[in-house]
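Welcome! Open the structure and work through the exercises below, each followed by a worked solution.

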Amino acid sequence: MQKDDWMTPPNILVLQPNQVHVWRVFLDRGPVSAQWIESTLSAEEAERAARFHFDRDRQRFVIAHAALRDILSRYLGCRPKALTFSVNSYGKPELTNHELEFNLSHSGDYALIAAARGHKVGVDVEHIRMDKDLESIANRFFSPSELSEFMALPPERKAVGFFNCWTRKEAYIKAQGLGLSLSLDSFDVSLTPNEPAILRTTRPNPAESVRWALRLLVVHSDYIAAVAVEDATPSPPEGQGLEFRLWDWDRQIK
Ligand SMILES: CC(C)(COP(=O)(O)OP(=O)(O)OC[C@H]1O[C@@H](n2cnc3c(N)ncnc32)[C@H](O)[C@@H]1OP(=O)(O)O)[C@@H](O)C(=O)NCCC(=O)NCCS
C-alpha cells in the first residue's frame, strides 16, 4: 500500500506563484439530476453531458466539470457558474478574463485538476489496463530512446513503465497547449518504475527540458498519473522553488 499524499484542503485557498496545486476528484458518485446539471454547468457543458450514451459516463463528466468550476472559483473568489472558458487554437481550455492556469484529466473513477499562477501546467491520469498490446502501442507513440528503455524492462514492470511514459508525455503536451502539433518524438521522458519523473531531452532546443518539472502522482494503485509544470527558474534561491500541494476534493464535501 502506497502512502496517500492527498490532503484535506483548507477553507481559504491560497495559490502562491511558486506553487502547483493538484486536486484528486472521485467521480463515481451515482446519478446526478438534470436540475443539478442545469444549476452547475454552462449550457455548452450540459449539452456535451447530454451526448454521452451511458449514464455513468455522463455522471463522471458532470462531476469532473462541476469540480473544475468549484475549484477554480474558489481561487478566483467568484461563483462557479460565473466562470467562462475558451479554447486555444490547439483545443486547450483556458479561463476567459483570468490569468490562472489549469488543466483537467479524467480516466475511469478519477479526475485530476492542476492549477498554477504564471506556470503552464498539464496533467494526465490513466487507468492501468493490461489488456492492450502495450509493445505495439509503445512502438507507435514512444521516442526511440523511450522505446529502448521500455523494451529493456522485465515483463512484470512493463505496464507501469508504459503508463509512466504515456502520462508524462501527455502531461507535457497538455501543459504546452500545442496539441499533437508538438511531435511525440521531439522529447524524451523517463519511464522506469521507481525512478524520478524527468523530462530528459527536448529537440530541437535542449534548453527547453531544463525549464520543466515533471512529477508522478499516486492517485490509486490501479491508476498512474503525472503533472508537468513550466518552471522558468529551475535553480531558484533556497526555499523559493516549485512546491506541489495535493488536495483531495472529496474530503471537504459536507
Ligand atoms: C485532447 C487530449 C488532451 C486528450 O487527452 P486524454 O488523455 O484523452 O484525456 P484527458 O482526460 O487527459 O484530458 C481531457 C481534458 O483535457 C483538456 N483538454 C482538451 N484538449 C486539450 C489540449 N489540446 N491541451 C490540453 N488540455 C486539453 C480538457 O479539459 C479535457 O476535458 P474534457 O474533454 O472533459 O473537456 C490530447 O492530449 C490527445 O488527444 N492526445 C492524444 C493521445 C496520444 O497520442 N498520446 C500519446 C502519449 S504517448
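**Exercise 1.** Where is Asn-97 placed, and is Asn-97 buried or exposed?

*Solution.* Start with the place: Asn-97 sits in the loop between β3 (93-95) and β4. Strands here are DSSP runs of E with at least two residues, helices are runs of H or I with at least four residues, and both are numbered from the N terminus. Before going on, note that this is a predicted model: local features need pLDDT of at least 70, side-chain atom pairs count only at pLDDT 80 or more, and totals for chains, interfaces and linings use all residues. Residues are numbered from 1 along each chain as its sequence is written.

Next, count neighbours. A residue is buried if 20 or more other C-beta atoms lie within 10 Å of its own, exposed if 12 or fewer, and partly exposed in between, with C-beta atoms placed from the backbone. Asn-97 has 9 C-beta neighbours inside 10 Å, so it counts as exposed. Finally, look at the backbone: Asn-97 is not a glycine, yet its phi is positive, about 70°.

**Exercise 2.** What is the phi of Asn-194, and in which loop does Asn-194 lie?

*Solution.* Phi of Asn-194 is near 70°, a positive value in a residue other than glycine. The loop is the one between β7 (187-189) and β8. Asn-194 counts as exposed because it has 8 C-beta neighbours inside 10 Å.

**Exercise 3.** Which residues does a cis peptide bond join?

*Solution.* The bond links Arg-203 and Pro-204, with omega about 5°. To find Pro-204, go to the loop between β8 (199-202) and β9 (212-217).

**Exercise 4.** How many residues of strand β6 are buried, and with which strand does β6 pair?

*Solution.* First, burial: six of the seven residues of β6 (residues 121-127) are buried, so this strand is largely enclosed by the rest of the structure. Then, pairing, which requires DSSP to find at least two bridges between two strands. β6 pairs with β10 (residues 223-230) in the antiparallel sense over seven bridges.

**Exercise 5.** Where does Thr-233 lie, and how far is its C-alpha atom from that of Arg-251?

*Solution.* Thr-233 belongs to the loop between β10 and β11 (243-248). With 11 other C-beta atoms within 10 Å, Thr-233 is exposed. Now step along the chain: Arg-251 is 18 residues apart from Thr-233, and their C-alpha atoms are separated by 33 Å.
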